[in-house]
Amino acid sequence: MNDADKFIIRKAVLELAKTGTPRFTSIDDDVRNLPKVNSKTINLWDYVTAIGAQLSRPPYDPYRETISLDISIGRKKSRKVSLNIPLIIYGNIAIHPSSLEAVHLALNRLAEKGNVLGLISEIDINTTNNNNRKYPLFKKVSFYKNDSLEHYQKSCPEGLVLEYKDQDSLRMLQNFRKEFDGPILVDVSEVFPLYIKTILEEGADGIIVDTDKVTKKESYKGKHAIAVIYDARNAINDYYKGREENDNDNNAILIIAGDVNSAGKIVKAAALGANVVGYSTSMLIAHSNMYSEKPSDASSIAENVYRHMVGTKGEIKGIPAALGYSDFHNLSPSDLRTSSIDASLQGNIPLEGVDRTYKEMIEEIVNEYVREKGIKLNSLEIQQILRFMVRE
Amino acid sequence: MCGICAIIMENNNKNFPIGCLLFKMMESQQIRAQDSTGVAIFNNGSNKEEFYKIDYFRKNNGKYHQVTEKVPQERLDKTLYELTQDPDIVIASFAKEMNLLKDIGLVRDLDAKYKIKSIQGTHGIGHLRIATSSRVTPDHAHPFSTIVMPDIAVVHNGEITNYSKLRSSLELQGYRLFTRCDSEVIAVFIADQLLRHGDLEKANNEFIKKADGPFTYIVATPDSLALVRDRFGARKGIFGYNPGNRNCPSFWAMATDLSALDSVGATSHVETPPPGKPKIFKNKIMIESIHN
C-alpha cells in the first residue's frame with residue numbers, strides 16, 4: 001500500500017470513528033467541484049463514473065463501427081424475444097390509456113426504423129393500430145384477478161410479467177410456464193432479495209427489480225439503487241454457479257426499473273449487472289401531456305417520445321464505445337470507479353485512484369494488523385471484524 | 001505494443017532447435033516491448049515417463065520462487081487441488097509435452113537463464129510484453145497456460161476489453177484463474193471449448209464472438225497453432241513460409257511485425273489472416289492445404 005492509499009484510508013477511518021458513518025465524499029471533491037452533500041440527500045449515482053478507453057484500449061467510433069445494443073430475452077427452452085435497444089418501457093406509474101396510445105405509436109415508429117424495444121403493460125392498448133404492433137409486448141398479469149392464461153393471450157403478447165407476492169405466485173408461474181412458450185419475467189420487488197433462486201428454478205426468463213420499491217423496504221433502508229442492482233446480479237449469479245447450462249446467450253436476464261431514468265444511469269446500471277432497463281421516462285413524457293393547457297394528439301406526443309428514445313439510444317451507444325466496447329452488454333463493474341466510500345460498499349465498486357474497493361482496502365489493513373501483532377484469528381473471525389469495520 | 005511470434009515445423013520435424021528461431025523473431029521485435037518475455041515449446045512424444053509437469057510461482061514477501069513438480073497421473077487431482085488452495089501460489093504451466101518458460105526482462109535474459117535457443121520441438125510460441133493493464137511480475141509474463149487441460153498456451157497482443165465479464169462467466173463455471181491478466185482468460189476459454197467439442201477452429205470462433213476489444217493472439221495445442229485477430233482487425237498479425245534448405249527444414253512462422261518473418265527467412269506466402277477468421281496450422285496435411 002502506498003502513501004496515497006494510506007492517506008485516504010486513514011482519513012476515512014478517522015471520519016468513520018468520529019461520526020459513526022462511512023464517508024460519502026472523497027478528497028478530490030473540491031477539485032471536481034461537486035456540490036457539498038449530506039448523507040440524506042446524496043445521490044450515489046453522481047459519485048460513480050466510468051473509466052474511459054486508454055492507450056491499449058482504443059475507443060470505438062459509433063458512427064463507423066457497429067456498436068451492438070441487441071439482446072434476446074428467453075432461456076433455451078422458451079421462445080426468444082429480441083430487442084435492438086436494451087430498454088423496456090415500464091414504470092411504477094399509473095398509465096393512462098391515451099398516454100399508452102402515444103407510446104404505442106412511438107414504439108411502432110422506432111421498430112420500423114430497426115429500433116425495437118419492449119413494452120410492459122397491464123392495460124390493453126386503446127388504439128385502432130393495435131393489430132399492427134411491431135414491437136414486443138409483455139403483458140402484466142394481474143395477480144389478484146386470477147385469470148387464466150387465455151385471458152392474457154387475447155392481446156397476443158410476446159411475453160408475460162408476473163408480480164411475485166407469495167406461494168400462490170409461484171403456482172401461477174408453474175402453471176403459466178407449462179403452457180406459455182414465450183419469455184416470462186417475474187417482478188420480485190416486493191419480496192427482494194428472497195426467492196430468486198426458486199423463481200429461476202421454475203423457469204422464469206428474467207427477474208425484474210424496481211429499485212424505488214426495494215429501497216423503501218426496511219431491509220434496504222438507507223441504501224441506494226446501486227446496492228439493489230449489485231445484490232440482484234449476485235443472486236442470479238449464485239443460481240448459475242457451477243451449472244452446466246451457464247451461457248450468457250441463454251441465461252435469465254436482470255431487468256432493473258425505478259431509479260434508472262437517464263442514459264448515464266442506464267450505462268452504470270448495465271455495468272453493475274442489469275441486462276435490460278425498465279425505462280419509465282418515455283411514459284412520463286407521454287403522461288405529462290395530459291396536464292398541459294393544450295393537450296396534443298397522440299401522434300404529436302408520439303413524435304416527442306420517438307425523438308427522446310432516438311437520442312437515448314445514441315447516448316447509450318456512445319458511452320460503451322468511449323470505454324472501448326463494441327457491445328453494450330460487455331460493460332462490467334470493473335468499468336466503474338467511485339469517489340464515495342458508501343457507493344464502494346454498496347455496489348462493491350473500486351475507489352478512484354486506488355482501483356480497489358473500500359472493503360478490500362480495509363481487509364488488507366485488518367490482515368496486516370493481525371499479522372504484525374501475531375494475533376491468532378481464523379478467517380471467520382477476520383470476516384466478522386471486517387463486517388463490523390464496514391458497518392455491514 | 002506487445003510482440004508475439006510462433007513457429008511450426010513442416011512434416012512434424014521435432015529434431016530442429018526451434019528455440020533459436022523463436023529467439024531470432026523475438027529479438028527482432030524486442031523494440032516493441034521490454035517488460036517480460038516467455039516461450040512455450042512443444043516436443044511431441046518427448047515425455048516417455050507419462051508424468052505431468054506443473055510449474056508454479058510461490059509468492060513470498062513480493063518475491064517469486066519458481067517451482068517445478070513432476071506428478072504422475074494418480075496424484076494429479078490431489079496435487080492440483082492442494083496447489084489451488086494456496087493463495088500464494090500462481091500456477092504458470094500445466095503440461096505433458098510443453099516446455100513453458102517465462103520471466104521478467106529481455107529475451108536475451110531469458111536465454112541466459114534457460115538456454116531457450118537450444119530447445120528442440122515441433123512448434124512453439126513466444127511473447128514480448130509491455131504491461132498495460134496488470135503488473136510486471138514473472139507470473140504475469142506470457143505465455144499463459146491453464147489447469148483446465150494440459151498443453152495449452154497462449155500469447156496475446158492487445159486487450160480483451162470485456163475481460164472482466166468473460167472471467168466472471170468462467171469463474172461461475174468453476175474455473176480457477178490465477179492472475180489479473182486478460183490473456184489468461186483466452187487460455188481458459190479455449191480449453192473449456194476444447195473440452196466441450198475438441199475443435200480448435202470452433203473454439204476460436206466462439207472466442208471471437210464473445211470477446212471485445214483489439215487483439216491478436218496465438219494459441220498452441222499439442223498438435224497445432226492458431227493465429228487469431230479480432231473481428232475489426234484492430235491489431236496486426238502475419239504469417240509466412242520458409243521452404244527450408246540443407247541446414248534448416250521448412251516451417252511456417254507467425255508474428256506481429258514483418259521484421260520477425262524476415263529474421264527467419266519466412267518470406268514466402270506472406271499473408272495476414274482476415275479479421276475474425278482464425279488461421280489454423282496443424283500438421284503436414286493442413287499445411288499442404290494452405291499451399292493449395
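Trainee: Why is B:Asp192 called buried?

Mentor: B:Asp192 has 4% relative accessibility, and buried means under 20% relative accessible area, exposed over 50%, and partly exposed in between (1.4 Å probe, protein chains only). So B:Asp192 counts as buried. Keep in mind that this is a predicted model, where local features need pLDDT of at least 70, side-chain atom pairs count only at pLDDT 80 or more, and totals for chains, interfaces and linings use all residues. Residues are numbered from 1 along each chain as its sequence is written, chains are lettered from A and ligands numbered from 1 in the order in which they are written, and side-chain values use heavy atoms, with hydrogens and water left out.

Trainee: Where does B:Asp192 lie, and which residues is it in contact with?

Mentor: B:Asp192 lies in helix α5 of chain B, residues 182–197. Helices (H or I, at least four residues) and strands (E, at least two) are DSSP runs, numbered from the N terminus. Contact means heavy atoms within 4.5 Å. Leaving aside neighbours within four places in sequence, B:Asp192 is in contact with B:Val148, B:Gln173 and B:Tyr175.

Trainee: And how many of the residues in chain B are buried?

Mentor: Buried residues make up 61% of the 292 residues in chain B. That chain has eight helices and 14 strands.

Trainee: What makes A:Glu112 and A:Lys134 a salt bridge?

Mentor: A salt bridge is a side-chain nitrogen of Lys or Arg within 4 Å of a carboxyl oxygen of Asp or Glu. For A:Glu112 and A:Lys134, N to O is 3.3 Å, so the pair meets the rule. A:Glu112 lies in helix α3 (97–112) of chain A and A:Lys134 in the loop between β5 (118–121) and β6 (137–140), so the pair ties together parts that are 22 residues apart in sequence.

Trainee: Are those two residues buried or exposed?

Mentor: A:Glu112 is exposed, because its relative accessibility is 51%. A:Lys134 is partly exposed, with a relative accessible area of 40%.

Trainee: What about B:Lys53 and B:Asp55, why do they count as a salt bridge?

Mentor: Their side chains meet at 3.9 Å, N to O, so they are within the cut-off. B:Lys53 is buried at 16%, and so is B:Asp55 at 3%. Over all chains, the count comes to 25 salt bridges.

Trainee: How many residues does the contact take from each chain?

Mentor: The contact takes 17 residues from chain B and 23 residues from chain A.
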